[in-house]
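User: I have a structure open and would like to understand how it is put together. Could you take me through it?

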Amino acid sequence: MTALNRVPSLMARAGTASALTLAAVGASLVVPGAASEADAAGHATKALRIAASKKGSPYQWGAIGPNRFDCSGLTLYSFKKAGKKLPRTAAQQYNKTRHISSGSRRAGDLVFFHSGGYVYHVGIYAGKGKIWHAPKTGDVVRLQKIWTRSVSYGRVR
């Protein structure tokens with residue numbers, strides 16, 4: 001019997017077992033309300049794929065999909081389809097995410113563009129200095145190199 005097969009019986013007897021005991025036998029401890037980093041990474045990867053699938057969709061101010069988007073509408077739509085809820089605007093999304101350093105960024109994190117204290121644009125980091133985003137009126141959803149250093153990064157929880 002593998003450790004994975006023993007988990008249900010271990011959990012049934014875990015009334016007095018400690019987290020260390022469970023970990024020692026290969027079980028996992030679930031903490032209500034706490035999402036694992038793997039969970040967050042899974043949602044982010046899925047959201048990134050969804051955004052990429054919208055390549056070529058026209059920009060429309062205020063649009064949240066499924067065929068037209070503005071910048072925060074694309075991020076909202078992509079994460080919603082991936083199972084995570086985000087607020088509507090880029091500034092609200094910035095306030096809702098866990099802020100991370102550029103060195104900690106990974107594909108699927110949000111990239112916020114700002115001028116002073118004002119967040120004016122958001123995209124989904126695709127890796128290698130590029131984002132998927134809905135740029136502006138007359139443009140379409142596309143992959144583009146980050147064009148400024150006035151950005152910050154956020155991880156959707």
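This is a predicted model: local features need pLDDT of at least 70, side-chain atom pairs count only at pLDDT 80 or more; totals for chains, interfaces and linings use all residues.

User: How many helices and strands does the protein chain have?

Analyst: The protein chain has five helices and six strands. Helices (H or I, at least four residues) and strands (E, at least two) are DSSP runs, numbered from the N terminus. Along the sequence, the pattern is α-α-α-α-α-β-β-β-β-β-β.

User: And what share of the residues counts as buried?

Analyst: Of the 157 residues in the protein chain, 39% are buried. Here buried means under 20% relative accessible area, exposed means over 50%, and partly exposed lies in between (1.4 Å probe, protein chains only). The accessible surface comes to about 9200 Å², and carbon and sulfur atoms hold 55% of it. Such areas come from the Shrake-Rupley method with a 1.4 Å probe; for residues, only the protein chains shown count as cover.

User: Which residues touch the most other members of the largest nonpolar core?

Analyst: They are Phe69, Phe79, Leu110, Val122, Ile124 and Val141, in a core of 22 residues. A nonpolar core is a set of buried Ala, Val, Leu, Ile, Met, Phe, Trp, Tyr and Cys residues joined through side-chain atoms within 4.5 Å. The elements giving two or more residues to this core are α3 (37-53), α4 (71-81), β2 (110-115) and β3. There is also a second, separate core of eight residues, including Ile100, Val111, Tyr125 and Tyr153.

User: What does Phe79 touch?

Analyst: Leaving aside residues up to four places away in sequence, Phe79 touches His43, Ala44, Ala47, Lys84, Leu86, Gly108, Leu110, Ile124 and Val156. A contact means heavy atoms within 4.5 Å.

User: Why is α4 described as largely enclosed?

Analyst: Nine of the 11 residues of α4 are buried, so the rest of the structure largely encloses this helix. Among those buried residues are Cys71, Leu74, Tyr77 and Phe79. After α4 comes Gly83, whose phi is positive, near 100 degrees.

User: Now the rings. How many aromatic pairs are there?

Analyst: A search of the whole structure finds five aromatic pairs. Rings of Phe, Tyr and Trp (its six-membered ring) pair if their centres lie within 6.5 Å; planes under 30 degrees apart count as stacked, over 60 as edge-to-face and the rest as tilted. Phe69 and Tyr77 form an edge-to-face pair, 5.2 Å centre to centre with 65 degrees between the planes. Phe69 is buried at 0% relative accessibility, and Tyr77 is buried at 14%.

User: Why is the pair of Tyr125 and Tyr153 edge-to-face?

Analyst: Their planes stand at 85 degrees, with the ring centres 6.1 Å apart, so the pair is edge-to-face. The pair links distant parts of the chain, with Tyr125 in strand β3 (residues 118-127) and Tyr153 in strand β6 (residues 151-155), 28 residues apart. Both residues are buried.

User: Which residues make the nonpolar surface patch?

Analyst: Tyr118, Tyr120 and Trp147 make this patch of about 360 Å². Patches are made of residues with over 30% relative accessible area and no salt bridge: like charges are joined within 9 Å, nonpolar side chains (Val, Leu, Ile, Met, Phe, Trp, Tyr) within 5 Å. Tyr120 is partly exposed at 37%, and ring pairs link Phe113, Tyr120 and Trp147 into a cluster.

User: Finally, how many salt bridges are there?

Analyst: There are three salt bridges, each being a side-chain nitrogen of Lys or Arg within 4 Å of a carboxyl oxygen of Asp or Glu. Asp70 forms one with Arg88, their closest N and O atoms being 2.9 Å apart. Asp70 lies in the loop between α3 and α4 and Arg88 in the loop between α4 and α5 (90-96), so the pair ties together parts 18 residues apart in sequence.

User: What about Asp109 and Arg155?

Analyst: Their side chains meet in a salt bridge at 2.8 Å, N to O. Asp109 is buried at 2% relative accessible area, and Arg155 is buried at 7%. Arg142 forms a salt bridge with Asp139, at 3.0 Å between the closest N and O atoms.

Note on methods. Residues are numbered from 1 along each chain as its sequence is written. Side-chain values use heavy atoms; hydrogens and water are left out.
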